[in-house]
Amino acid sequence: MFKNRILGLSVMAVLMFTVSCKEENKKENTATVKEPIVEKVLDSIKEPKVQKPVFKSLEGVADTTFVRLADYSDGFAYDLRYATKNNFLKEKVYECGECYTRAKTVKALLKANEEFKQHGVKIKFYDCYRPNSVQYKMWKIVPNPQYVANPVKGSIHNKGGAVDITLVTLEGEEVKMPTDFDFFGKRAYHDNFDLPQEILDNRKLLKETMEKYGFWSTRTEWWHYNLQGASKDPIANFKWDCNEI
């Protein structure tokens, strides 16, 4: 009887050991199966890689060629007023808002903007190259050379060498300037110093940086800058296709 009890206990121990081994193997197999599944799930919820935009190069592009600024950098901001009714004309004169200008102007703007970024700001455009046909539209609405250049003579905007700009922070917040765009009055003059110091400093940064990279300002309009030598270029009527942009 004693021998039978020993035998029974031995059999039970073997069975328990066998079950224990099976449980361990089951755990190991389960872990082996689960691990790649978990990895696959984690891989599937990983944030997708954002592809960096590819910009065109100005290498080999003739200085007088008209190009779209956004094709060469995404470091600018835009508020192209003449493509809206939010301007002194109270009329929309562009079919769509785009900033085109001559390649030599773009080169200078890219350099200036890199320096502005070191100060925590960047260029925001109100107007760039303006086809001469648009100049005629503006003249028809306001035929006054004090406010609109006579389209027969044209303006440097029509030659691809002028820009109307301001500064915004790198996040796009407006920087305080003397007036809004196209304000016609002494407050917009560069020789008006009866302004808060912050505004004077912002206007000075804009002016000095733009001059450093080959632009000159207009005394009565703090926002307007012409590229040196651009007045010698011919008046143009190049028009971009809004459907291709």
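Just past H4, Gly 214 adopts a positive phi of about 95 degrees; helices (H or I, at least four residues) and strands (E, at least two) are DSSP runs, numbered from the N terminus. This is a predicted model, where local features need pLDDT of at least 70, side-chain atom pairs count only at pLDDT 80 or more, and totals for chains, interfaces and linings use all residues. Residues are numbered from 1 along each chain as its sequence is written, and side-chain values use heavy atoms, with hydrogens and water left out.

**Exercise 1.** Work out what span helix H4 should have, and check it against the end C-alpha atoms.

*Solution.* 
- Step one: the expected span is 1.5 Å times one less than the number of residues.
- Step two: H4 (residues 197-212) has 16 residues, so 22 Å should come out.
- Step three: the end C-alpha atoms sit 22 Å apart, which agrees.

**Exercise 2.** Find which residues of H4 are buried, and what they pack against.

*Solution.* 
- Step one: buried means under 20% relative accessible area, exposed over 50%, partly exposed in between (1.4 Å probe, protein chains only).
- Step two: Ile 199, Leu 200, Asn 202, Arg 203, Leu 206, Thr 209 and Met 210 make the buried list.
- Step three: these pack against helix H2 (103-118) and strands E4 (121-127), E5 (162-169), E6 (215-218) and E7 (221-227).
- Step four: take Met 210, skipping neighbours within four places in sequence; its contacts (heavy atoms within 4.5 Å) include Leu 109, Phe 116, Ile 165 and Tyr 225.

**Exercise 3.** Identify the residues with the most contacts inside the largest nonpolar core.

*Solution.* 
- Step one: a nonpolar core is a set of buried Ala, Val, Leu, Ile, Met, Phe, Trp, Tyr and Cys residues joined through side-chain atoms within 4.5 Å.
- Step two: the largest one has 50 residues, and Phe 125, Leu 206 and Met 210 have the most contacts inside it.
- Step three: H2 supplies the largest share of this core, six residues.

**Exercise 4.** Locate the disulfides and say what each ties together.

*Solution.* 
- Step one: searching the whole structure for cysteine sulfur pairs within 2.5 Å turns up two disulfides.
- Step two: Cys 96 bonds to Cys 242, S to S 2.1 Å. Cys 96 is in the loop between strand E2 (77-78) and strand E3 (100-102) and Cys 242 in the segment after E7, so parts 146 residues apart in sequence are tied together.
- Step three: Cys 99 bonds to Cys 128, S to S 2.0 Å. Cys 99 is in the loop between E2 and E3 and Cys 128 in the loop between E4 and H3, so this pair ties parts 29 residues apart in sequence.
- Step four: number the bonded cysteines in sequence order and the pairing reads 1-4, 2-3.
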